[in-house]
Amino acid sequence: MDGTFKLSIDSFPSNLRELLNKKELSATRLAYLMRVSRMTVYNWRRGRSDPPLRRIFQIAELLGVDAQQLLKETTN
């Protein structure tokens with residue numbers, strides 16, 4: 001394997017849930033820090049809507065990860 005991975009917005013909801021759990025950060029707290037509604041974050045976590053690219057970078061910064069971690073395809 002060459003160390004590359006695929007990026008996909010379809011992987012965002014599960015990656016977001018996983019990172020929030022890992023960082024012990026609630027969706028409510030993330031919404032507060034981002035100045036968006038709880039429903040907005042809830043919809044992102046459930047895959048009902050996709051965040052704008054600028055929000056993906058903001059989430060990554062708040063979680064202390066690279067934006068690619070939010071978009072990488074998971075291998076199940």
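Predicted model: local features only at pLDDT ≥ 70, side-chain atom pairs only at ≥ 80, totals over all residues.

Start by selecting Thr40 and Ser37: their side chains are joined by a polar contact of 2.9 Å. (A polar contact is a pair of N or O atoms within 3.5 Å; within protein, one must be able to donate a hydrogen and the other to accept it, and residues adjacent in sequence count only if both atoms are side-chain atoms.) Thr40 sits in helix α3, residues 38–46. Helices here are DSSP runs of H or I with at least four residues, strands are runs of E with at least two, and both are numbered from the N terminus. Thr40 is partly exposed, with a relative accessible area of 26%; buried means under 20%, exposed over 50%, and partly exposed in between, using a 1.4 Å probe and protein chains only.

Residues are numbered from 1 along each chain as its sequence is written, and side-chain values use heavy atoms, with hydrogens and water left out.

Now zoom out. The protein chain has 5 helices and 0 strands, and 34% of its 76 residues count as buried.

Next, show α2 (residues 27–34) and α4 (residues 53–63). How do they cross? Their axes come within 11 Å and cross at roughly 115 degrees. Axes are lines fitted to C-alpha atoms, for helices over the stretch in contact, and angles run from 0 to 180 degrees between N-to-C directions. So α2 and α4 are roughly perpendicular to each other; angles under 35 degrees count as roughly parallel, over 145 as roughly antiparallel, 65 to 115 as roughly perpendicular and the rest as oblique. The crossing of α2 and α4 is right-handed, where right-handed means the near helix is turned clockwise from the far one by less than a right angle, and left-handed means anticlockwise.

Phe12, Leu16, Leu19 and Leu20 of α1 meet Ile56, Ile59 and Leu63 of α4 here.

While you are on α1 (residues 12–22), pick Asn15. Is Asn15 buried or exposed? With 3% relative accessibility, Asn15 counts as buried. A polar atom of the Asn15 side chain lies 2.7 Å from the backbone oxygen of Lys72.

Last stop, the loops. Most residues other than glycine have a negative phi. Glu24, in the loop between α1 and α2, has a positive phi near 55 degrees and counts as exposed at 74% relative accessibility. Then jump to Arg35 in the loop between α2 and α3: phi is positive there too, near 60 degrees, and Arg35 is exposed at 78% relative accessibility.

Methods: Contact = heavy atoms within 4.5 Å.
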